[in-house]
Amino acid sequence: MSTEKPSGISRRGLFKVSAGLLAGATGIAALPKQLLAAPIEGKLATLIDLSLCDGCSGRPMPACVSSCKQAKNPTIPQPVDPIPSPFPTNIIEDWSKKQQVADRLTPYNRIFVQKANVTVNGEQKSISIPRRCMHCDNPACAVICPFSANTKDKNGAVVIDQNLCFGGAKCKTVCPWQIPQRQSGVGIYLKVAKEFMGNGVMYKCDLCIDRLKEGKVPACIEACPKKAMLIGPRDQIYAEAEKRAQAMNGHIFGKKENGGTATLYVSPVSFKELEQQLTPASADPKKGQPLLKPDVKRKMAESDGMAKAVLAAPAIGLVAGLVGGFAKLSQRKAEQAGKENR
Amino acid sequence: MSAEKLVKRHELIVMIEHWGIAISGIVLLMSGIFQLPSAARYKITAIPGFWWSGEFFFTLKLHYLASVVFVGLVLFHLVYHLLLQERAMIPQSGDVSESIKVLKTFITNEPEPPFGKYLPEQRLAYVAIAIPVLMLVVSGLIKTWKNLYAPDMDRILLLWATWIHNVGFILFFMAFLGHIAALLIKPNRPMLRGMLTGKVSREYAEHRHPLWLKELEDRK
């Protein structure tokens, strides 16, 4: 583990973790309140500790949600008025006048806190689950974006460039959690064929990549009063998640889901149970309320074998061309020799 | 009735190259178009038999499958004909002005000049198709590599590959339409038989490609 303070989890923080784990023996209460992750180069990951998050019960809006709104909403341009009606669906998604909505994902609400009512040790508990983009390791939303408007940064953040996105929502369709949300009436599609191609810009958490580049942590992580969210070098965050899960005899989500992600949730309750107890019970990904889908597979993996065959195709063609070409040349030579012998 | 005399125009291997690239190219065009989020929006998914057009992972698999054939045959084509030093499709000087003269004859019904194996505009069309094909192959391979091994590929390289692929698609689509449109011109139609069966009638060859026949005779 790196001992360089600027690029890793701080030593003091780690000491606190270790001490907490040793001394605490039993669980959640003994876990450290803060594990500082200072920014931040190389591959990153985030940790969301559901044993610490209480959804900011005393506040009108969870701090992660309000801080995200504050940091990001001013960056969304004002939609044109009137917003062009897309042919032939005529479906316009305009959240610009509902920016305060906080109980679901919207372009103006890129993180929200989901609730699940579960029983832990015979006690009824409400678990708060901050939900946002998982920043998958091999995100279909980014790699098959037709305009490469959605890309994965070297640091692991999956980022939509609002200047290139046409708002076709393919990223939402291929995301197992349907995270990206569309704002119509903004973006490059207005300058191309606004009624016929595209319908706005897709928005989702970008891990505050602009802040990361400035050496700051994402707004939600900075704002969390319970320090339930951490960011740091990927291997250290992964190790920390394992430690915490072990200490609470709990579970990790995000490590294998969709082929692995840069977001690890740690919970004392299994994610299958959380999934069943989500509130509202009718959580609807189409309405910005993603399911958890523990163990969801990376769908694109089904075509990886074929993709490897594509990469092998030039070599196969080249070898076949050489074999065929030389065979034809020797055939021609033999024919020529036959003619001369006649 | 006497049997029609035929002249061999294409080897089997050339026909396999042509039709392999043609069929995989059409599949690539379709599956590529369906990688745009257009099928559901424009209700193509509702057309009987086209349910798959809105399934991005399925059309991606189809795109890969067709790419294996397409890319493999393109490389085969380059290496095979380079080795055999077959240059009949490579444009020659004066092809542009010759092509214009030939195109005029289609309108004026004046007699065409005598041709070799290929018309000058066919040689130009070959280059017009080859350029987008090479753009698509190179950028497609980069994109496939990214999908498999480098989702965090350098953004500049990725944007170049993406836009070369997208522009290559438009050029290839136009070239494909032009290629099909050439069959609307009546004197060209016997060449379709040549590409389907490998042979054309001697009468057609004598009438339109006397320089090619002479070349064949000289080789004997």
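**Figure 1. The contact between chain A and chain B in the predicted model.** Chain A contributes 43 residues to the contact and chain B contributes 37 residues. On the side of chain B that touches chain A, at least two residues come from each of α2 (56–83), α4 (120–148) and α5 (155–181). Helix α2(B) gives the largest share of that side, with 18 residues. By class, the residues of chain B on this side are 26 nonpolar, six polar and five charged.

**Figure 2. Overview of chain B, the chain to which the two helix pairs of the following views belong.** Chain B contains eight helices and two strands. Read from the N terminus, its elements follow the order β-α-α-α-α-α-α-β-α-α. The C-alpha trace of chain B spans about 60 × 40 × 35 Å along its principal axes. Chain B has 220 residues, of which 28% count as buried. Taking the contacts in chain B between residues at least 6 apart in sequence, 72% join residues at least 24 apart.

**Figure 3. Packing of α1(B) against α2(B).** Helix α1 of chain B covers residues 12–33, and it packs on α2(B) at an angle of about 150°, the two axes lying 8 Å apart. At this angle α1(B) is roughly antiparallel to α2(B). Their crossing is left-handed. From α1(B), the contact takes Glu17(B), Gly20(B), Ile21(B), Ser24(B), Gly25(B), Val27(B), Leu28(B), Ser31(B) and Gly32(B). These meet residues of α2(B), namely Thr59(B), Leu62(B), His63(B), Ala66(B), Ser67(B), Val69(B), Phe70(B), Leu73(B), Val74(B), Phe76(B) and His77(B). The contact of α1(B) with α2(B) is made up of ten nonpolar, nine polar and one charged residue. Helix α2(B) is also the element that supplies 18 residues to the side of chain B that touches chain A.

**Figure 4. Crossing of α3(B) and α4(B).** The axis of α3 of chain B (residues 95–108) comes within 8 Å of the axis of α4(B), and the two cross at roughly 120°. The two helices, α3(B) and α4(B), are therefore oblique to each other. This crossing of α3(B) and α4(B) is left-handed. In α3(B), the residues involved are Asp95(B), Val96(B), Glu98(B), Ser99(B) and Val102(B), and in α4(B) they are Pro120(B), Glu121(B), Arg123(B) and Leu124(B). Four nonpolar, one polar and four charged residues make up the contact of α3(B) with α4(B). Helix α4(B) is among the helices that supply residues to the side of chain B touching chain A.

**Figure 5. Strand β10(A) and its partners β1(A) and β9(A).** Strand β10 of chain A (residues 263–267) is largely enclosed by the rest of the structure, because five of its five residues are buried. Burial applies to both faces of β10(A): Thr263(A), Tyr265(A) and Ser267(A) lie on one side, and Leu264(A) and Val266(A) on the other. Strand β1 of chain A (residues 44–49) pairs with β10(A) in the parallel sense over four bridges. In β10(A), Thr263(A) is the residue opposite Thr46(A). Strand β9 of chain A (residues 251–253) runs antiparallel to β10(A) and is joined to it by three bridges. The bridge partner of His251(A) is Ser267(A) in β10(A).

**Figure 6. The open sheet β3-β2-β11 of chain A.** Three strands of chain A form this open sheet in the order β3-β2-β11, with antiparallel pairing. Strands β3 (123–131) and β11 (278–279) of chain A are at the edges and have a single partner strand each, so one side of each has no neighbour in the sheet. Strand β2 of chain A (residues 112–120) pairs with β11(A) over two bridges in the antiparallel sense. Thr279(A) in β11(A) is opposite Lys115(A).

Figure 7. Setting aside neighbours within four places in sequence, Lys194(A) has contacts with Pro84(A) and Tyr189(A). Lys204(A) is ten residues from Lys194(A) in sequence, and their C-alpha atoms are 22 Å apart in space.

Note on methods
Residues are numbered from 1 along each chain as its sequence is written. Chains are lettered from A and ligands numbered from 1 in the order in which they are written. This is a predicted model: local features need pLDDT of at least 70, side-chain atom pairs count only at pLDDT 80 or more; totals for chains, interfaces and linings use all residues. Two residues are in contact if their C-beta atoms, placed from the backbone, lie within 7 Å. Ala, Val, Leu, Ile, Met, Phe, Trp, Tyr, Cys and Pro count as nonpolar, Asp, Glu, Lys and Arg as charged, and the others, Gly among them, as polar. Two strands pair if DSSP finds at least two bridges between them. A residue is buried if 20 or more other C-beta atoms lie within 10 Å of its own, exposed if 12 or fewer, and partly exposed in between; C-beta atoms are placed from the backbone. Axes are lines fitted to C-alpha atoms, for helices over the stretch in contact, and angles run from 0 to 180 degrees between N-to-C directions. Angles under 35 degrees count as roughly parallel, over 145 as roughly antiparallel, 65 to 115 as roughly perpendicular and the rest as oblique. A crossing is left-handed if the near helix is turned anticlockwise from the far one by less than a right angle, and right-handed if clockwise.
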